[in-house]
Amino acid sequence: MTDSSAPVRPDRRAELAAGLARVRSRIADACAAAGRDRGEVTMIAVTKTYPAGDVVALVGLGVTDVGENRDQEASGKAAEVAAAGATPRWHFIGQLQRNKAKSVVRYADVVQSVDSVRLARALDAASAAGRDRPLDVLIQVSIDGDAARGGALPGSADPDAGLDPVAEAVVGADGLRLGGLMAVAPLGWEPERAFARLAEVAAAFRAHHPEATVLSAGMSGDLEMAIRYGATHVRVGSALLGMRSTLR
């Protein structure tokens, strides 16, 4: 990654600007269709596999939030972006192993993929030791109940992976701050079915945790439906940055 934070070519910057304009237009149209204020929805630029230079360029174009899903890539990239003088809000959005907690808390402002009590405890310990403020976290929920794909289980009494036990672990942790929920539409589900179910889970969750106002849902192909059902954050990669193979 020696040259990955170098200034992007003018044509690449133009591509990023065009992609950003298209995505912002889609979000604005979706908010209008749902009767929501545009300011309620934050776009997270998912930059996995893209170089640090793209992140710096996006920040220069007004992007405030950036998402990564692999610590091995994200830790170095965040350092390069900071060295270039850009300071986005970093979201870790991938499944996270507990042994990576110490690394992730050094650069991430938000971890969106907390789905077990054990992970919450690992992040709490790492945050307390390595940060000067609590780490914002979202609890990833499983919409279809398939624990193998990640996500805490709504309505489950599982002491490690049930949504309520995970929430209790986060709320009780000095080093963590509960922001809300995150979910990915299950494979094979129509987006409307998935996000309607997620909206039900989120409403029930907020009844017990009114401070948990964030709902991260929707990606390049289904962000409109996610916004219709209450997403406050949408995670956009290819629609913003293009397909990775075109960058070579």
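This is a predicted model: local features need pLDDT of at least 70, side-chain atom pairs count only at pLDDT 80 or more; totals for chains, interfaces and linings use all residues.
Me: Let us start with strand 1. Is it buried or exposed?

Reply: Strand 1, residues 42–46, is mostly covered, with four of its five residues buried.

Me: Which strands does it pair with, and how do they run?

Reply: Strand 1 is joined to strand 8 (residues 233–236) by four bridges, and these two strands run parallel. Three bridges join strand 1 to strand 2, again in a parallel arrangement.

Me: What stands opposite Ile44 on each side?

Reply: In strand 8, Ile44 stands opposite Arg235. In strand 2, the bridge partner of Ile44 is Asp65.

Me: Asp65 is charged. Where does it sit, and what is the nearest side chain of opposite charge?

Reply: Asp65 is found in strand 2, which spans residues 65–68.

Me: What does the Asp65 side chain have a polar contact with, then?

Reply: The side chains of Asp65 and His91 are joined by a polar contact of 2.7 Å.

Me: And which residues does Asp65 touch overall?

Reply: Not counting residues up to four places away in sequence, Asp65 touches Thr42, Met43, Ile44, Ala45, Arg89 and His91.

Me: Back to Arg89. Which side chain does it meet in a salt bridge?

Reply: Arg89 forms a salt bridge with Asp136, at 2.9 Å from N to O. Asp136 lies in strand 5 and Arg89 in strand 3 (residues 89–92), so the pair ties together parts that are 47 residues apart in sequence.

Me: Are those two partners buried or partly exposed?

Reply: Asp136 is buried, at a relative accessible area of 15%, whereas Arg89 is partly exposed at 34%.

Me: How many salt bridges are there in the whole structure?

Reply: A search of the whole structure finds 14 salt bridges.

Me: What about the one with Glu192?

Reply: Glu192 pairs with Arg228, and their closest N and O atoms are 3.5 Å apart. Glu192 counts as partly exposed, at 34% relative accessibility.

Me: Which residues are joined into a network by salt bridges that share partners?

Reply: Arg12, Glu15 and Asp54 are joined into one network in that way.

Me: And what does Asp11 pair with?

Reply: Asp11 forms a salt bridge with Arg9, with 2.9 Å between the closest N and O atoms. Asp11 is partly exposed at 42% relative accessibility, and Arg9 is partly exposed with a relative accessible area of 45%.

Me: What is Ile139 in contact with?

Reply: Leaving aside neighbours within four places in sequence, the contacts of Ile139 include Leu163, Val166, Ala167 and Val170. Among its other contacts are Ala152, Leu178, Leu181, Met182 and Phe205.

Me: Which residues of helix 6 are buried, and what do they pack against?

Reply: In helix 6 (residues 163–171), the buried residues are Leu163, Pro165, Val166, Ala167, Ala169 and Val170. The buried residues of this helix pack against strand 4 (110–114), helix 5 (117–130), strand 5 (135–140), strand 6 (176–182) and helix 7 (191–208).

Me: Pro191 is in helix 7, I gather. What does it contact?

Reply: Pro191 is in contact with Asp222 and Met225, leaving aside neighbours within four places in sequence. Pro191 is partly exposed, with a relative accessible area of 28%.

Me: Last point: what is the phi of Thr49, and where does the residue lie?

Reply: Thr49 has a positive phi of about 75° although it is not a glycine. Most residues other than glycine have a negative phi. Thr49 lies in the loop between strand 1 and helix 2 (52–60), and is partly exposed at a relative accessible area of 43%.

Methods: Residues are numbered from 1 along each chain as its sequence is written. Side-chain values use heavy atoms; hydrogens and water are left out. A polar contact is a pair of N or O atoms within 3.5 Å; within protein, one must be able to donate a hydrogen and the other to accept it, and residues adjacent in sequence count only if both atoms are side-chain atoms. Contact means heavy atoms within 4.5 Å. Buried means under 20% relative accessible area, exposed over 50%, partly exposed in between (1.4 Å probe, protein chains only). A salt bridge is a side-chain nitrogen of Lys or Arg within 4 Å of a carboxyl oxygen of Asp or Glu. Two strands pair if DSSP finds at least two bridges between them.
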